[in-house]
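Good morning, and thank you for making time for this. I would like to take you through one structure slowly, going from how the chains meet to how a few single residues are set.

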Protein chains: 4
Amino acid sequence: MANTEFSYVKTFESNDVLPPSQWIVIRIDGRGFSKLCIKYNFQKPNDARLMHLMNSAAERVLQAFPDMVLAYGQSDEFSFVLHEDTRLFERRSAKLSSSVATMFTAEFCMGWVDAMGVEVGGDGKLERPWPTFDGRCICYPKKKIIRDYLAWRQADCHINNLYNTTFWNLVLKGGMSGTEAEQELKGSVASDKNEILWSRFGVNYNQELEVWRKGTVMYRVYDDVGGGGGGEEKGVDAKSKSQLEKERKRKMKAKIVQEHTDIIGDGFWEKRPYILATRGAE
Amino acid sequence: MANTEFSYVKTFESNDVLPPSQWIVIRIDGRGFSKLCIKYNFQKPNDARLMHLMNSAAERVLQAFPDMVLAYGQSDEFSFVLHEDTRLFERRSAKLSSSVATMFTAEFCMGWVDAMGVEVGGDGKLERPWPTFDGRCICYPKKKIIRDYLAWRQADCHINNLYNTTFWNLVLKGGMSGTEAEQELKGSVASDKNEILWSRFGVNYNQELEVWRKGTVMYRVYDDVGGGGGGEEKGVDAKSKSQLEKERKRKMKAKIVQEHTDIIGDGFWEKRPYILATRGAE
Amino acid sequence: MANTEFSYVKTFESNDVLPPSQWIVIRIDGRGFSKLCIKYNFQKPNDARLMHLMNSAAERVLQAFPDMVLAYGQSDEFSFVLHEDTRLFERRSAKLSSSVATMFTAEFCMGWVDAMGVEVGGDGKLERPWPTFDGRCICYPKKKIIRDYLAWRQADCHINNLYNTTFWNLVLKGGMSGTEAEQELKGSVASDKNEILWSRFGVNYNQELEVWRKGTVMYRVYDDVGGGGGGEEKGVDAKSKSQLEKERKRKMKAKIVQEHTDIIGDGFWEKRPYILATRGAE
Amino acid sequence: MANTEFSYVKTFESNDVLPPSQWIVIRIDGRGFSKLCIKYNFQKPNDARLMHLMNSAAERVLQAFPDMVLAYGQSDEFSFVLHEDTRLFERRSAKLSSSVATMFTAEFCMGWVDAMGVEVGGDGKLERPWPTFDGRCICYPKKKIIRDYLAWRQADCHINNLYNTTFWNLVLKGGMSGTEAEQELKGSVASDKNEILWSRFGVNYNQELEVWRKGTVMYRVYDDVGGGGGGEEKGVDAKSKSQLEKERKRKMKAKIVQEHTDIIGDGFWEKRPYILATRGAE
């Protein structure tokens with residue numbers, strides 16, 4: 001019918017299936033959040049309500065997708081890690097990134113009143129343009145590299161937070177203008193910034209809250225001793241459908257924890273080997 | 001610093017820039033909207049409030065992106081057409097699809113109360129899971145083909161709406177169960193359905209509202225005689241920055257109209273040649 | 001069996017089908033031809049035997065693939081243009097580029113003796129490393145743009161040939177070293193080079209052979225008046241299998257001509273509209 | 001100049017860089033080799049001269065690309081494995097596949113006379129269409145998977161060779177027609193074929209030459225005890241340019257061996273861990 005004549009246009013849709021056996025990161029980033037921070041008068045260098053809203057949106061996303069093994073967030077970004085064997089949405093890139101980004105956006109917008117309401121009052125009511133987040137998929141072929149990816153984001157968190165903490169101390173307590181503070185920090189290294197914080201403002205950076213220095217990592221924990229994040233130790237191919245369904249339910253029921261801790265070193269991962277567990281040796 | 005050691009992971013990000021000189025369709029689709037229609041008790045076969053909410057979200061999106069020349073929507077989907085010369089987000093596919101899908105999602109969720117509030121009352125309050133939309137980009141290389149794409153969506157609208165209208169008349173007025181109605185319609189062609197509607201329910205399908213039969217097309221209209229959708233007639237390369245900025249402003253100020261009309265035939269396009277106007281002959 | 005256990009590795013093969021309705025250029029380039037020119041003592045700035053070998057290899061390729069509408073070559077490169085509707089090898093990119101590049105390479109190597117033999121004698125016998133050509137596919141969505149692509153290659157031919165002609169006159173007749181000639185030409189524009197050629201060496205560049213100034217364009221010609229390169233004027237979908245087969249045979253039998261003429265202006269194309277003929281208006 | 005106006009067409013070239021940290025297989029396949037086998041009257045089920053020509057072409061390719069760690073061939077196909085860290089041709093897919101396929105094709109065509117000449121005499125002279133090979137790249141993210149890829153090809157060799165050996169015994173010694181032999185083998189499993197070979201023709205399949213049953217694997221061997229295929233054990237980033245150059249030379253000088261042995265089991269790999277050696281633990 002009418003449909004037949006035009007349906008050839010479907011052949012223009014490109015195949016965007018991501019290759020197998022790759023950890024998939026879906027990273028979402030706030031669009032135009034500098035303006036948003038000014039508009040809603042967020043605290044500098046960090047705003048606790050914004051962080052809580054980001055984290056609670058992310059937890060909802062992690063909860064909704066059992067194949068996500070971990071999420072890491074800082075500032076206005078979050079990275080969601082899908083297991084290398086996931087078949088979610090047949091691994092179609094646009095479907096994955098837009099599903100996660102829209103769910104995160106919806107959680108963020110709809111959670112705003114609760115997260116901000118009381119403190120900010122009528123002035124803080126969310127107005128257009130609504131906050132949104134873009135999303136993208138990135139593939140990482142090996143356990144070591146997905147760990148390096150997460151380390152990269154956490155190192156970025158540290159660097160930015162040290163800079164921002166120093167900058168805003170110079171401005172808010174030191175009476176500098178933004179431009180002056182920027183000038184002051186040009187070319188400075190980490191130890192310079194630590195020194196400025198300590199000598200001028202009595203701030204020991206290492207005693208700042210870990211949530212700002214480390215960001216937030218989220219993952220599932222299981223009650224059953226011996227744990228394991230879903231029995232990845234057995235081959236997927238060898239699993240019956242009912243086993244897979246059982247695992248899915250187990251993941252859906254698992255408690256999700258939020259921590260502000262180092263994920264660069266080996267400690268975190270050695271204590272929780274099930275998070276990145278794979279079938280057989282890599 | 002710390003960043004250097006890990007920043008090699010950036011090299012895993014794939015280049016997803018769409019090729020030049022292609023009309024870009026960003027199509028968004030509601031995720032799990034059958035459940036949503038049941039949960040919020042939407043009218044069958046079509047719900048006016050849902051349609052208004054979809055359309056008003058789409059108009060906001062069209063308003064926000066001056067390089068979009070047209071949007072077409074029906075049911076729980078919308079297609080946004082970017083001009084073949086657009087440089088929006090450097091034509092990066094994931095950025096384009098996720099930015100549009102998240103903005104649409106935010107508009108839809110945040111507009112819910114206004115669109116549904118009064119009629120549905122407390123029972124209709126939006127609850128989790130929030131409605132979301134996935135998004136994807138598709139490239140069309142020629143004016144004829146982007147028109148065929150839009151024709152394909154409108155033909156799809158027609159086919160689905162005729163089916164749904166007949167199905168729900170059989171169920172709601174004819175007292176059939178869903179399964180019975182489905183059985184009745186199996187293998188029927190358009191004329192069969194028209195006949196059922198007319199002979200059993202006195203419904204003349206061609207007098208059904210055009211919004212249901214044709215869906216909604218949106219585009220910018222300009223006051224200035226001689227119109228033109230932004231002077232695409234001149235080469236982009238030949239345009240100064242100030243000209244481009246002027247055009248952008250002109251588009252931002254232009255009025256957007258919503259129509260429920262045929263876009264399969266030539267009539268619509270012949271009256272509004274500026275919508276798909278390109279530099280030089282194709 | 002054994003195969004089942006391992007055949008999952010097939011899923012790692014990526015889909016490299018090129019999008020529909022795009023002219024496909026397969027461009028092949030000689031690998032390491034500067035060395036080859038020195039090794040076999042080719043004439044400077046241009047070697048007639050090399051050009052004849054290139055052209056005869058290209059003609060064989062054009063002959064073998066009826067969906068190729070045109071080939072254009074200069075120096076050690078050739079561009080083969082496949083019709084935008086071609087379904088050759090299901091439009092798989094690697095299959096297309098490697099099939100053409102290997103056939104060209106085989107023709108070049110196996111044709112060497114005939115092309116070079118007599119003149120060069122025993123010294124010119126082809127030796128390892130055998131000459132090879134890499135290949136790649138590029139998609140062009142519109143007739144105007146595929147013409148611009150070909151114009152780009154011909155403009156490149158002109159620019160390089162003017163440079164090389166001047167350079168080698170300075171070296172061979174003017175007694176300069178390569179470095180001196182390079183220095184002399186630094187920053188010079190076309191008119192400067194024309195002037196050097198004329199005033200110092202009595203060479204009128206515009207009277208140089210067209211094969212060097214324009215490169216070589218190849219295409220099919222048909223005896224039957226009214227011509228047409230294969231009846232693209234009718235819809236492919238509308239064609240019966242026997243019609244398609246008839247056209248294929250007609251193309252296989254068609255004579256291929258080699259010309260050294262301008263393909264930048266409209267003249268060439270206006271006289272041979274069938275070469276880039278498409279179904280319906282673009 | 002002229003070039004500027006048209007050079008925008010370069011932007012249509014797609015980025016085809018393969019992702020990092022993936023073993024790259026370049027597999028080449030003979031085009032239309034069934035016809036070729038008939039035309040040149042090759043021995044059935046296997047022809048030694050063809051095999052030697054394939055292997056000697058492959059060895060030349062392996063020799064030419066130091067980043068290739070291994071090649072495996074059978075029938076009219078060869079797979080070349082590039083180390084996961086290779087930066088050859090910036091990992092551009094079309095460049096890689098076409099360079100290897102054209103070099104293999106040139107070696108095959110130019111080596112024909114030596115490989116076939118004496119035995120076949122004037123009748124065996126290579127004629128058009130010249131033999132060619134298409135090529136493609138496939139990425140494998142893990143050592144285990146690249147091993148499974150090679151196992152897949154060797155299992156394929158076994159299955160095909162057992163079938164062909166039985167088929168041609170039925171035809172050549174058993175007096176069956178091709179169709180009859182095909183019918184006889186329909187639905188048969190390995191043990192059936194072994195039984196046919198043994199009981200009817202006194203052929204013990206396991207005593208057939210390993211070159212037919214296992215295909216050919218090629219790799220570099222090093223004189224220096226402690227070996228190692230190029231010091232991959234150290235980080236590439238940590239290597240100086242002179243170290244890299246030294247390794248490259250070491251590889252170029254290394255002897256290449258051809259073996260017809262099992263590469264499915266662990267034995268082969270445990271004895272030669274350097275072949276797939278990587279930096280650090282996977």
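Let me begin with chain A and chain B, which bury an area of about 4,500 Å² between them, with carbon and sulfur atoms giving 63% of it. Please keep in mind throughout that what you see is a predicted model. In case that way of speaking is new to you, the size of an interface is often given as the accessible area lost when the parts come together. Which three residues supply more of the area that chain A buries against chain B than any other three? They are Phe6(A), Met110(A) and Trp152(A), and they supply 15% of that area. Counted by contacts, 51 residues of chain A touch 51 residues of chain B.

When we turn to chain D and chain C, we find about 4,500 Å² buried between them, 63% of which comes from carbon and sulfur atoms. Here Phe6(D), Met110(D) and Trp152(D) supply 15% of what chain D buries against chain C, which is more than any other three residues give. The contact itself involves 51 residues of chain D and 51 residues of chain C.

Two packed helices are described by the angle between their axes and the distance between the axes. In chain C, α5 (residues 143-172) and α7 (residues 190-201) pack at about 35°, with their axes 10 Å apart, and the crossing of α5(C) and α7(C) is left-handed. By class, the contact of α5(C) with α7(C) has seven nonpolar, four polar and two charged residues.

In chain D, the axes of α5 (residues 143-173) and α6 (residues 178-185) come within 9 Å and cross at roughly 130°, and α5(D) and α6(D) are therefore oblique to each other. The crossing of α5(D) and α6(D) is right-handed, and the residues of their contact divide into six nonpolar, two polar and two charged.

I will finish with some details of the backbone. Most residues other than glycine have a negative phi, and most peptide bonds are trans. In chain A, however, Lys44(A) and Pro45(A) are joined by a cis peptide bond, with omega about 0°, and Pro45(A) lies in the loop between α2 and α3 of chain A. The peptide bond from Arg128(D) to Pro129(D) is cis as well, with omega near -5°, and Pro129(D) sits in the loop between α4 and β4 of chain D. Finally, Phe89(B), although it is not a glycine, has a positive phi of about 50°, and you will find Phe89(B) in the loop between β3 and α4 of chain B.

Key: Residues are numbered from 1 along each chain as its sequence is written. Chains are lettered from A and ligands numbered from 1 in the order in which they are written. This is a predicted model: local features need pLDDT of at least 70, side-chain atom pairs count only at pLDDT 80 or more; totals for chains, interfaces and linings use all residues. Side-chain values use heavy atoms; hydrogens and water are left out. Axes are lines fitted to C-alpha atoms, for helices over the stretch in contact, and angles run from 0 to 180 degrees between N-to-C directions. Helices (H or I, at least four residues) and strands (E, at least two) are DSSP runs, numbered from the N terminus. A crossing is left-handed if the near helix is turned anticlockwise from the far one by less than a right angle, and right-handed if clockwise. Ala, Val, Leu, Ile, Met, Phe, Trp, Tyr, Cys and Pro count as nonpolar, Asp, Glu, Lys and Arg as charged, and the others, Gly among them, as polar. Angles under 35 degrees count as roughly parallel, over 145 as roughly antiparallel, 65 to 115 as roughly perpendicular and the rest as oblique. Contact means heavy atoms within 4.5 Å. Buried area is the accessible area (1.4 Å probe) that two parts lose on being put together, summed over both.
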